[in-house]
Every structure is written in structure tokens, then in C-alpha cells.
Amino acid sequence: KACQVLKRVSKPVEDLHDPLLWQTAHIAARGNKDIADLVVHAAKLLGKEKLADPAFRLANTVVAKEGAENEVFAGLIINKQRMNRLMPRFLENVSVLVIDDALEPERLESDALSTESGFARYLHLQNEFKENVRKIISQGVRFLVVHKSICDIAEEMLTDAEVLAIQRVSAADIVRIVEHTGARIVKRSTLSKSPEELAKFMGRCACVYEDEKLGHIRIMGGVGEPAATILVGAATREVKEERQRVAEDAASAVQSALAGGVVPGGGSIEIAASREVSVLAESARGMASYGVQCVAQALRKPLAQIVSNAGLNPLEKVEDVIASQKEKQSNSIGVDCDSGQIADMYELGVVDPTNVKLHALRAAAEVAEAILRINVIIKSRDESSSIEHSVGGECNR
């Protein structure tokens with residue numbers, strides 16, 4: 001019944017410019033206006049279609065850095081640095097190749113090198129490897145991403161050719177780079193293919209550069225799927241961690257609001273649900289009626305706690321809200337904790353994502369049910385133990 005109330009009262013967030021979206025971000029960001037602005041800006045960059053993808057999480061685009069300025073840009077941050085300072089730091093209109101392997105010659109057993117044929121095989125593999133690296137360079141690859149290590153020979157050749165290369169890139173970052181740049185992952189063996197075939201695996205982006213101050217690589221303007229990064233600045237490590245958590249919460253709230261709409265916050269929607277659940281208690285009997293009344297009372301707790309935190313009388317204010325909701329036939333009436341007055345939460349811009357509220361209600365119901373079942377099991381065991389003890393005592397007597 002409570003979930004039905006939430007769904008009925010819920011307001012859809014029409015588009016990325018809907019004021020309700022910013023209000024949702026602002027509240028989830030604990031009143032940090034700068035973080036709310038960043039999150040909504042990133043949502044607009046990505047678009048509603050991308051945010052509707054169930055496999056995509058806006059919260060994963062949040063990066064907090066000490067000493068950084070707040071920023072949102074259409075691209076990725078990879079926490080890696082170029083292999084050496086002789087490689088270019090900034091590149092535009094870049095061809096990208098991603099190798100999900102090590103960039104090094106095939107290795108031979110040490111015993112094989114002691115024979116003439118083995119040493120000849122070693123020289124052949126070295127020459128073949130160098131030819132493959134030359135092929136990468138001749139194809140115009142300017143940014144090379146390698147999952148494992150890059151050997152010294154390849155590093156020297158790439159440096160001379162002014163290729164920006166990064167190594168030991170995580171599998172998760174490899175996936176992000178591939179999706180954004182439109183590249184296709186290749187293995188070391190793929191490098192032996194013809195230049196025409198190898199070209200099919202390359203991606204492109206508008207810009208790649210290393211931010212030496214913050215120690216990361218930025219990849220922007222890829223031809224693949226849109227990407228955005230929410231860079232949150234902080235003064236210290238402790239503040240950085242807190243601001244990252246806050247920004248992730250705000251990002252999750254924005255994505256949830258777009259998917260399922262919003263309901264009035266501040267404990268008002270729980271009071272509306274409590275009023276309708278209380279009606280069910282009148283038609284129930286015995287323990288069932290008691291159980292329904294417990295749910296109704298529990299739904300009043302969020303508003304009572306909010307009011308108490310504001311230094312107001314929870315008993316008085318909860319009853320005032322219940323009476324006002326009935327009188328005005330409005331489910332969005334709550335308490336303005338700044339003034340202590342009864343107010344409409346929608347008008348104040350106090351909203352919560354509908355899906356978050358639904359999940360909280362369902363989770364609470366499941367936990368309560370589990371506790372009741374455990375309680376019955378424990379009581380049954382206690383009762384059976386006492387019966388066995390009594391019977392045993394009688395037999396002994």
C-alpha cells in the first residue's frame with residue numbers, strides 16, 4: 001500500500017533541464033551547490049539515452065583530486081602517466097590503438113638460445129617485433145594504450161616517433177577507452193596482420209594530454225560513445241574522500257530521478273503513506289491489525305527524526321502535518337525546518353528519487369519479515385527445549 005502511494009504521488013522528471021533534476025542533485029549533495037551543478041552539467045553532456053542505459057552508472061564518472069579545480073568535461077580521466085617525458089604531452093586529432101596484451105617480443109626458453117637454430121629463432125622474433133612496431137607507427141597511431149608492459153625496444157621506437165604510450169592500464173580503463181574512442185581491442189598476435197586490416201582496429205579522439213600537476217591522462221572527444229568526467233576538487237585527502245562520496249550520491253540520485261521521477265521529501269511522502277496504511281488497520285483484526293499499525297507508526301519516524309534534528313517538537317509537528325495533509329488533500333505537505341512552519345515540499349524544492357524511496361520501503365519490509373521469521377524459529381526452539389526438559393524431569397521422577 002505504501003509503495004502504491006509513492007507511485008501515485010511521483011512526478012516524472014521531463015528532461016535534463018527540469019528544475020526538479022537540479023533540486024534532486026542539490027539535496028543528495030547535502031546542499032553543496034557546486035557539486036549539484038557539476039552533476040547536472042555532466043548529465044546534460046551525456047544525454048538522457050546514455051543515462052537510461054542500465055549498464056551505465058553516472059556515479060562512476062566522479063573523480064575527486066587534491067588540488068584540482070571543479071570541472072566537467074566530455075571525456076575520460078585515466079590515472080596513468082606517459083612512459084617518459086620525451087613523449088609528447090599534448091596531441092590533437094589522435095588515432096588510438098588499444099592492445100590487451102604486452103608489447104614485447106615473444107620469449108624463448110633460455111635453453112633454446114644456447115643452440116644455433118634457437119638463436120636464429122630469437123633474432124627472427126626480434127626483427128618481426130620491430131617490424132610490427134614500425135607498422136603501428138606507419139599507420140599513424142599517436143596514442144597507444146597497453147594492458148601489460150611495454151619493452152625498452154618498443155618504448156624507444158615509440159618515443160622517436162612521438163607516440164604517447166601508457167602501459168599497465170587496468171581492464172576497466174581499457175573498456176572505457178575502447179567505448180569512448182571507438183577502438184577495437186587487439187592482441188599482440190593481431191599486430192602481424194596487414195596494415196589495411198590493422199587500421200580497422202583503430203579508434204579516434206579529438207585530444208589526449210597529460211595533466212602533470214594532477215598526474216593523469218585525459219582523453220576527450222572520442223568518436224565512440226559519449227563520455228563525461230566529473231572532476232571534484234578538494235584541499236585535503238580527508239575532504240577529497242567525503243566530497244567524492246557526496247558527488248557519487250548526487251550522481252546516483254540524478255540518474256534515478258530521470259528513470260523513475262521524484263516524490264516530495266522531508267518525510268512528507270512517508271506521512272502520506274502512513275495515513276493510507278492506517279486505514280487498512282481498521283479492516284484488519286487481531287495481530288494483523290497490530291502489524292499494520294506498526295507499519296503506519298514506522299512510516300512516521302522519518303519526519304519525526306528530521307523535525308527532532310531541527311530542534312522542533314516531533315509529536316506536535318507530525319500531528320500538524322497529518323492534519324494539514326488531510327485538510328488540504330495534499331501528499332506533499334511537510335515541515336520547513338528553517339522556519340518550523342508547515343509547507344509544501346514540492347514548492348520548497350525538497351524532493352527524493354522515487355526509486356530510492358521504493359527500494360528503501362521494500363528493503364525495510366524484507367528485513368522486518370526476516371526478523372519476525374527468525375524470532376518465531378528461536379521461540380519455537382526455546383519452547384521445544386523446555387518441553388523436552390519437563391518430560392525428561394517427569395521420567396526421572
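Two strands are said to pair if DSSP finds at least two bridges between them, and strands (E, at least two residues) and helices (H or I, at least four residues) are DSSP runs numbered from the N terminus. The model described here is predicted, so that local features need pLDDT of at least 70 and side-chain atom pairs count only at pLDDT 80 or more, while totals for chains, interfaces and linings use all residues. Residues are numbered from 1 along each chain as its sequence is written, and side-chain values use heavy atoms, with hydrogens and water left out.

**The sheet**

Three strands form an open sheet in the order β1-β9-β2, with mixed pairing; its edge strands, each pairing on one side only, are β1 (62-66) and β2 (71-73). From one strand to the next the twist averages 20°. Strands β1 and β9 (residues 229-234) run parallel and are joined by five bridges, with Val-62 opposite Ile-230 in β9.

| Helix | Strands touched | Angle |
|---|---|---|
| α9 (residues 237-260) | β1 and β9 | about 165° with β1 |

**The helix pair**

The axes of α5 (residues 116-138) and α6 (residues 152-160) come within 10 Å and cross at roughly 30°, which makes the two helices roughly parallel, a term for angles under 35 degrees. Among the residues in contact, Phe-129 and Val-133 belong to α5, whereas Ile-153 and Met-157 belong to α6.

Conventions
Axes are lines fitted to C-alpha atoms, for helices over the stretch in contact, and angles run from 0 to 180 degrees between N-to-C directions. Angles under 35 degrees count as roughly parallel, over 145 as roughly antiparallel, 65 to 115 as roughly perpendicular and the rest as oblique. Contact means heavy atoms within 4.5 Å.
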